[in-house]
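The entries follow in the order in which I made them.

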Amino acid sequence: MAMNRSKKKQQKKKHPIRNAILITLGLLLVTGTAFAAFFYQTARVNIDKTYAPLETSKNQAEASRAISENKPLSFLIMGLDSRQEDLSGRTDSLMLVTVNPTKKQTTMVSIPRDTFIESADGSITASNKINAAYVQGGAAASIAAVNQLLQLDIDHYVTMNFSGIEHLVDALGGITVNSDLDFNVDDMTFHKGENTLNGKKALAYVRMRHDDPRGTYGREKRQQEVIAAILSKIKSPQSLTAYQGILEALGGNVKTDLTWDQMQKIVLNYNQAFGNVVHESIQGQGQMLNSLSFQVVAEDEKTRVRNLLQEQLTQ
């Protein structure tokens, strides 16, 4: 009996350590759950600020079903020449993006902002530039203009102003790009090769055009590079520590017809496609029409780009 009591005492000596471990694990689990709940709520509040469906937006039930079924999606991304939260101004950049989870590919097609689009009455004014569509009728007008140009039916849209890009890059702790030329913008210097950019420099990097011998097309290449760098940084585990700044950058500076639930499913279901980005650009020819400078896209070029996109929009 004495021996049994001795064994029990020895066993009891181990219990405080075991209990301490269990309590610690329990606290971690509770804290983690609380943090997850806080993160979820904070994210939802900020993302809800971005939700702005259009009269022309696809039926939400149909859109959600397409995402749940992992169907290819198309997005028109519009970078606005504005720092205001009302997201006014012209589209400084236009990019049509397709995401195909089956082919595990994201395709970005830049559209020159001076691209000529036909008007109903056949007149030629500054309104024939595709970047003027947003001024005339917001995101819906820009979507209609791109659909007209390429004979497509775009699924979703995203608009972001300059402040959004700047704040987002800063929230991520900067991004790294590879410039293919040396140039200066204001008091900022960019070297050929690898450059680490904060928000202000990233914005200058994507906006520079006049010192690039390729003009608009060189700038489009840099815009695609910055977006790809942002996507890559957001996907990294390090971005979890910067979630508050990321969400704040998105909340006041982005509008989209995607709901919170749809965004979550896209992040989960289409993640592999975001890791393989193909860059393209619509090639136009510079022409003066009615004393105005345009990029006029030939029919065979429209067909080339349309076929490329249609291929990505099939499973």
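Entry 1. I noted at the outset that this is a predicted model. I began with the secondary-structure elements around the largest cavity: β2 (91-100) and α6 (216-235) each supply at least two residues of its lining. Of the contributors, α6 gives the most, with 4 residues.

Entry 2. I then looked up how many cavities of 30 Å³ or more the whole structure holds, and the search returned 1. The largest cavity contains about 50 Å³ of space.

Entry 3. I listed the lining of the largest cavity by residue. It consists of Asp92, Ser93, Leu94, Ile111, Pro112, Arg113, Thr216, Arg219, Glu220 and Gln223. By class, I recorded 4 charged, 3 polar and 3 nonpolar residues in this lining.

Entry 4. I turned to helix α4 and asked how many of its 10 residues are buried. The count is 8 for this helix, which spans residues 162-171, so the rest of the structure largely encloses it. I applied the cut-off of under 20% relative accessible area for a buried residue. The buried residues of α4 are Phe162, Ser163, Gly164, Ile165, Glu166, Leu168, Val169 and Ala171.

Entry 5. I examined both ends of α4. Gly164 is itself among the buried residues of the helix. Following α4, I found Gly173, which has a positive phi near 80 degrees.

How values were computed. Residues are numbered from 1 along each chain as its sequence is written. This is a predicted model: local features need pLDDT of at least 70, side-chain atom pairs count only at pLDDT 80 or more; totals for chains, interfaces and linings use all residues. Side-chain values use heavy atoms; hydrogens and water are left out. On a 1 Å grid over the protein atoms alone, a cavity is a set of points where a 1.4 Å probe fits but cannot get out, and a pocket is an open set with protein on both sides within 12 Å along at least five of seven lines; lining residues have an atom within 4 Å of a point. Grid points are joined across faces, edges and corners, and a volume is the space filled by probe spheres set on the points. Ala, Val, Leu, Ile, Met, Phe, Trp, Tyr, Cys and Pro count as nonpolar, Asp, Glu, Lys and Arg as charged, and the others, Gly among them, as polar. Buried means under 20% relative accessible area, exposed over 50%, partly exposed in between (1.4 Å probe, protein chains only).
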